[in-house]
Amino acid sequence: MKFKQSIIRLFLLISIILNTTILYALTYDDDILSIFSKLMPRFIMMSSQKERIKDNIDICVLNDDIDKSAALSLIDKVNNNYPNGIKNHHIHLVSTPYSEITKCENTQLLFMFNSNEKNINDALLFSNKQNILTMSYDEALLENGVEISLFIGRKVLPYINMKAITKNKVELDNILLRVSKIYLGKEN
């Protein structure tokens, strides 16, 4: 009888853990991912990153294992929005765990899903060393030094961390700057 109760408790514990993991992974809004999918290649084309394009526009989507399905969904959305690429350049996307960030060294943009502080900071150090534009799903990562996110208010606007852009030696077109909200640091 005790053995049976132990098995039931173990099963319930595993169920609770798996369900909270699934719930955590579902925090990404599909409509917002769609917006990001339309804007990511355009940010490259409206920055000095376009000069780094050889044949393809290369975008690396950094994620933890728990966010793998959201990363693949984002990649599918970009491929559906740009089946023929943009301005005669095909778009090549790769989903990579934070632990394998070196696979991203020849990309023009790193898209960052939420992760722990160490992964975020390591990715930002890597992007600065490689002069790769960074973009995150979560605007709170602008505080860490991510360069671009989205401001979701009455309007959806690009949210640009100018301090991080300057530090990374990336230049943005003036048109992009005019239509964007500029991140000035953490609000008190």
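The model is predicted, so local features need pLDDT of at least 70 and side-chain atom pairs pLDDT 80 or more, while totals for chains, interfaces and linings use all residues. Residues are numbered from 1 along each chain as its sequence is written, and side-chain values use heavy atoms, leaving out hydrogens and water.

A pocket is an open set of points on a 1 Å grid over the protein atoms alone where a 1.4 Å probe fits, with protein on both sides within 12 Å along at least five of seven lines; lining residues have an atom within 4 Å of a point. Of its 15 lining residues, E143, N144, G145, A164 and K167 sit closest to the centre. Helix 4 (117-130) and helix 5 (162-167) each give two or more residues to this lining, and helix 4 gives the most, with four. Helices are DSSP runs of H or I, at least four residues, numbered from the N terminus.

Turning to the inside, the largest nonpolar core has 33 residues, with M40, I59, V61, F111 and F113 making the most contacts within it. Such a core joins buried Ala, Val, Leu, Ile, Met, Phe, Trp, Tyr and Cys residues through side-chain atoms within 4.5 Å, buried being under 20% relative accessible area (1.4 Å probe, protein chains only). Helix 2 supplies the largest share, six residues.

Technical notes
Buried means under 20% relative accessible area, exposed over 50%, partly exposed in between (1.4 Å probe, protein chains only).
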